[in-house]
Every structure is written in structure tokens, then in C-alpha cells.
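Trainee: Please take one part and go through it closely. I would like the nonpolar core and the helices around it.

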Amino acid sequence: QLFWFFGIHGMNVLAPVLEGVFGVAQLKNLNLFQEGGVELVKAEGYKWVRGSFDAYSMFGGSGGTIVLIVVILIFSKRADYRAVANLSLGPGIFNINEPVMFGLPIVLNPILFIPFMLAPVVSVSIGYFATMLDLVNPVSQSIVWVTPPFLLSFLATGADWRAPIVTLVCVLASFAIWAPFVIAAN
């Protein structure tokens, strides 16, 4: 998130770490799932993997920006923010957030910096604890990143119906974080 604030694609910069550590864990989970299903993943696999970040915090792209777009459409009185949000909604559904990142912009925007940093931390924490407490299956499937958020978490966890509920809780928490800052930007 910090890289993004300066206009540098943070997920791409950190890809060697994310893929080198968490991606390897996801491959093990994928292999275990193919060998014995979800129960084998729960018994011998990793609880938190690369796809867990996508499932529980990267909805709409880095920072959970699909939530920001919805908050703008509900609360913003600024015509410029609303125009960017309208144009960013379509790509945001598929986790493409460059239009909102550079259109608002979020890049170098001190008002939106705090929720942009905070919302993903809260979302990851919710997803992490839900996974660790076995409230939801661990991510065991490799799903393309442009899959819409709730479908992504459902498919990534081997069709666990509870995963979209956890994603919804993450979205609602992000909504509560983004809303005061969008209202302040009015």
C-alpha cells in the first residue's frame, strides 16, 4: 500500500516475496486438494497463502478500492470524485483499480492515504483470524485475480459457502473505514 501511495504498483514490487513464500504455500495446498480434498488441506496444508490476500482484502484491487468507489457513489458530493467513481466501477468489479488510483487520485492524496493503508490491514486480519479459527476453509485453489470478489473467495476456498460471508464482513469493515474520509474530502 505504501508503494502505491507514491504511484508504484506495490503488489508487483512485492511479487517475489508474495509468490516466493505465499505462492509456494498455495501450490502445496492445491496439490493436497487434488490428492484428498479440503480435509487433507486442513490437516497438512497451509492456512494462509497467496490467494488469501486476494480473497479477503484485494477486492477491487489494492486497498479494497471497490469499496471506495461505492462509498463515493453514496456519500460524495464532489462531481470530480463521482465522475471517476462512475468510470472506475466497471473495472473495479474485476479488481482493476488504476482508474481510481490515478483518477481521483489516491496516489499522493493525504486524505485517502490513511484508509488506503488501514482498510487492507483490517480486512486481512479478519480473513486471517476467520481462517485460523476454522470458520472458513483455507484457500486451496488458484483463481485468476480478475474474478469478482465474492466469487473469488468462494472458488478459492474450494466452494466454501462461508468464504463470501467472510469477504462481506471484510467489505463492511472497509466501508466503515473509507466512509469518514470520503465525507471529509467533500
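Mentor: Start with the term. A nonpolar core is a set of buried Ala, Val, Leu, Ile, Met, Phe, Trp, Tyr and Cys residues joined through side-chain atoms within 4.5 Å. Buried means under 20% relative accessible area, exposed means over 50%, and partly exposed lies in between (1.4 Å probe, protein chains only).

Next, the ground rules. This is a predicted model: local features need pLDDT of at least 70, side-chain atom pairs count only at pLDDT 80 or more, and totals for chains, interfaces and linings use all residues. Residues are numbered from 1 along each chain as its sequence is written, and side-chain values use heavy atoms, with hydrogens and water left out.

Now the core. The largest one has 42 residues. Y56, L68, L104, I106 and W178 have the most contacts inside it. Helices (H or I, at least four residues) and strands (E, at least two) are DSSP runs, numbered from the N terminus. Those giving two or more residues to the core are α3, α5, α6, α7, α8, α9, α10 and α11. The largest share, nine residues, comes from α11.

Look at α11 (163-185). It has 23 residues and reaches 33 Å from its first C-alpha to its last. That is close to the 33 Å expected at 1.5 Å a residue; the expected span is 1.5 Å times one less than the number of residues. A kink of about 30° lies at W178, shortly before the proline P180. The bend at a residue is the angle between axes fitted to the seven residues ending there and the seven starting there.

Then α9 (110-132). This helix also has 23 residues and reaches 34 Å, close to the 33 Å expected. Its buried residues are L112, P115, F116, A119, P120, S123, G127, A130 and T131. Their cover includes α1, α5, α6, α7, α8 and α11. N109 caps the N-terminal end of α9, with a side-chain oxygen 3.0 Å from the backbone nitrogen of I111. D134 follows the helix, with a positive phi near 60°.

I106 links several of these parts. It touches F5, T65, L68, V100, M101, L112 and F116, not counting residues up to four places away in sequence. Contact means heavy atoms within 4.5 Å. The peptide bond from L104 to P105 is cis, with omega near -5°. P105 lies in the loop between α8 and α9. L108 is exposed, at 55% relative accessibility.

S57 sits in the loop between α5 and α6. It is buried, with a relative accessible area of 1%. S57 touches G63, G64, P120, S123 and V124, leaving aside residues up to four places away in sequence.

Last, the rings. Rings of Phe, Tyr and Trp (its six-membered ring) pair if their centres lie within 6.5 Å; planes under 30 degrees apart count as stacked, over 60 as edge-to-face and the rest as tilted. The whole structure holds nine aromatic pairs. In one of them, F22 and F53 have centres 5.2 Å apart and planes at 80°, so the pair is edge-to-face. F22 lies in α3 and F53 in α5, so the pair ties together parts that are 31 residues apart in sequence. F22 is partly exposed at 25%, whereas F53 is buried at 16%.

Notes: Polar contact = N/O pair within 3.5 Å; in protein donor to acceptor, adjacent residues only side chain to side chain.
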